[in-house]
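Let's take a walk through this structure together. Keep the 3D view open and follow along.

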Amino acid sequence: MDRRRFLTVSSVSLGVGALHTMAPLLTGSAEGAELARLLGHENGERPAPFRVFQLSDTHVGWDGALGTLAFERAVDIVNSLAQAPDLVLFTGDLTHDTEKPGEHAERMKRFREIAGRLKVPKIYQVPGEHDAGLDGGELYRSVFGATFYSFDHKGFHFVALDNVSRAKPEVGLEQRAWLAKDLARFPRTAPIVVFTHRPLFDLRPDWEWFTRDGDEVMSLLAPYENVTVLYGHIHREHEQAIGSARLFAARSLCFAFPDPQLVADKKAIPFDKAEPFKNLGIRQVRASLGSRGAAVEVSEVSLDARELSGTEGFNQLLKNPSL
Amino acid sequence: MHSHIRLTAALVLSAAAFTMDDRGVRAAEEPRVITITAKRFEFSPKEITIQQGETVKLLLRTDDVTHGFFVRPLGIDEEIVPGKTTEVVVTPRTQGRYTTICDHFCGAGHGGMKMTIVVEAGTAAGKVGP
């Protein structure tokens, strides 16, 4: 797979994937026309409806019962769609970290191999702390490129944010300054999609489900009326509104965490051989046009594992059938 | 007149006997010291107990790499760097069990690295904390 296509991100979350169908702001007004010109300036694309999938927390290399099965299943699901999405976004923890020499690079290679099977035009990704937390993102950048960047697609402005490479859960002053400058070009009505790894708010700080300067980041986004934030890290679905922004977490493609409001301890939900993809799924997001501009609707898409369900079927696939 | 002078003198002497420094701690009283050691992927001890209103000095050390020591409700947000002891003075005001995490990514087991600070109702009420 060439690097250019890989930088175009398609996001599919195994456990829960998010399919985002977005309709760009109607450009009937002078402001809309200017926005269309601005957003289309870099890549020549004109505003038009499109779909995006979000995949998250594939943790390639993590020694769990499913291995990469959920990830591969998600790829199959996306590829089976009658109409392929325009983009897939991976929101971090592409790989599980290791300090064995050469092994982490191999895991990144394996990730690219599986993701490369996606039959989509563009794939984009951001790192998770397991990808970039130990070395400041050095290996990740050598394989995937920049950890934060932006691009435009059919009337929407996409922003990839890195809140993992600094070891602490934070975006940092330099990147926030870049974000402020990046956003300054756009009017308040511009539809903006931010994708990152950790939640940009205090979801559960004692589980490290937060970003230290998340408030500052959200303040930079606050003036904009159509902001959607996609993230991972928490291995479960979640929806939050902050001002006019809507923030959606996607499930993982390896294991799930419980609802933090129901339990005290952050412990992974045990694997269930009878329901191997339980708590995993795909999140679908549909966008619609209205009088007030772009709207994004998020819903769950179940992971159809009927042909692989049951103990007998999975024993053929599990790395350790005795589990 | 004389009783007024005697009363004033008594009040001045009392104040001198109970001089408080900036932290509200009696000048002659040193805080209890608790040493906490971090290593991948655990803190030792896993749990400590402090009384409500008690001032405690935490000495934070690491046996390997840099770790974080973060517990927002207690206002603690520190880095534990190899070769250096980080000192934190805390006077918790509210009872409860507070989860303290490592928030400096330290490896594959980082997500489970935590300890508990228990704040119990105690006899140290009245001390002014930070």
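This is a predicted model: local features need pLDDT of at least 70, side-chain atom pairs count only at pLDDT 80 or more; totals for chains, interfaces and linings use all residues.

Chain A has a mean pLDDT of 82, and 74% of its residues reach 70 or more. Over residues 1-19 of chain A, though, the pLDDT is below 50, and this stretch has 113 contacts in the model beyond near neighbours in sequence. Residues 305-323 of chain A also have pLDDT below 50, with 20 contacts beyond near neighbours in sequence.

**A strand with cover on both sides**

Now find strand β7 of chain A, residues 191-195, where 5 of the 5 residues are buried. In a regular strand, side chains alternate between the two faces of the sheet. Here, A:P191, A:V193 and A:F195 sit on one side, A:I192 and A:V194 sit on the other, and all of them are buried.

What does β7(A) pair with? One partner is strand β6 of chain A (residues 156-160), which runs parallel to β7(A) and is joined to it by 4 bridges. Across that pairing, A:H157 stands opposite A:I192. To get from β6(A) to β7(A), the chain passes through helix α7 (residues 173-183) of chain A, in a right-handed β-α-β crossover.

Another partner is strand β8 of chain A (residues 226-231), which pairs with β7(A) in the parallel sense over 5 bridges. There, A:V194 stands opposite A:V229. With helix α8 (residues 214-221) of chain A, β7(A) and β8(A) make a right-handed β-α-β unit.

Take a closer look at A:P191, in strand β7 of chain A. Is A:P191 buried or exposed? It counts as buried because 27 other C-beta atoms lie within 10 Å, and the cut-off for buried is 20 or more. A:P191 and A:F156 are 35 residues apart in sequence, yet their C-alpha atoms are 5.2 Å apart in space.

Step past the strand to A:T196, in the loop between β7 and α8 of chain A. A:T196 counts as buried because it has 28 C-beta neighbours inside 10 Å. Leaving aside neighbours within four places in sequence, A:T196 is in contact with A:T91, A:V126, A:L161, A:N163 and A:Y231. A:T196 and A:H233 are 37 residues apart in sequence and 9.2 Å apart in space, C-alpha to C-alpha.

**Two helices, each with a buried face**

In α7(A), A:Q175, A:L179 and A:L183 are buried. Seen down the axis, the buried residues of α7(A) fall within an arc of 70°, so they line one face of the helix. The buried residues of α7(A) pack against β6 and α8 of chain A, while the face turned away carries the exposed residues A:L173, A:E174, A:A177 and A:K181.

Buried in α4(A) are A:H104, A:R107, A:M108, A:F111 and A:A115. These fall within an arc of 100° seen down the axis, so they line one face of α4(A). They pack against β3 (87-91), β4 (122-126) and α6 (138-144) of chain A. On the face turned away from the buried side, you'll find the exposed residues A:K109 and A:E113.

| Site | Angle |
|---|---|
| A:K154 | phi near 45° |
| A:E208 | phi about 60° |
| B:R40 to B:F41, cis | omega about -5° |
| B:S44 to B:P45, cis | omega near 0° |

A:K154 sits in the loop between β5 (149-153) and β6 of chain A, and A:E208 in the loop between β7 and α8 of chain A. In chain B, B:F41 is in the loop between β1 (32-39) and β2 (42-44), and B:P45 is in the loop between β2 and β3 (47-51).

**And chain B**

Chain B has 1 helix and 9 strands. Of its 130 residues, 27% are buried.

Technical notes
Residues are numbered from 1 along each chain as its sequence is written. Chains are lettered from A and ligands numbered from 1 in the order in which they are written. A residue is buried if 20 or more other C-beta atoms lie within 10 Å of its own, exposed if 12 or fewer, and partly exposed in between; C-beta atoms are placed from the backbone. Two strands pair if DSSP finds at least two bridges between them. A crossover is right-handed if, with the strands pointing away from the viewer, the path from the first strand over the helix to the second runs clockwise. The arc is that of the directions from the helix axis to the C-beta atoms. Two residues are in contact if their C-beta atoms, placed from the backbone, lie within 7 Å. pLDDT is the predictor's confidence in each residue, from 0 to 100.
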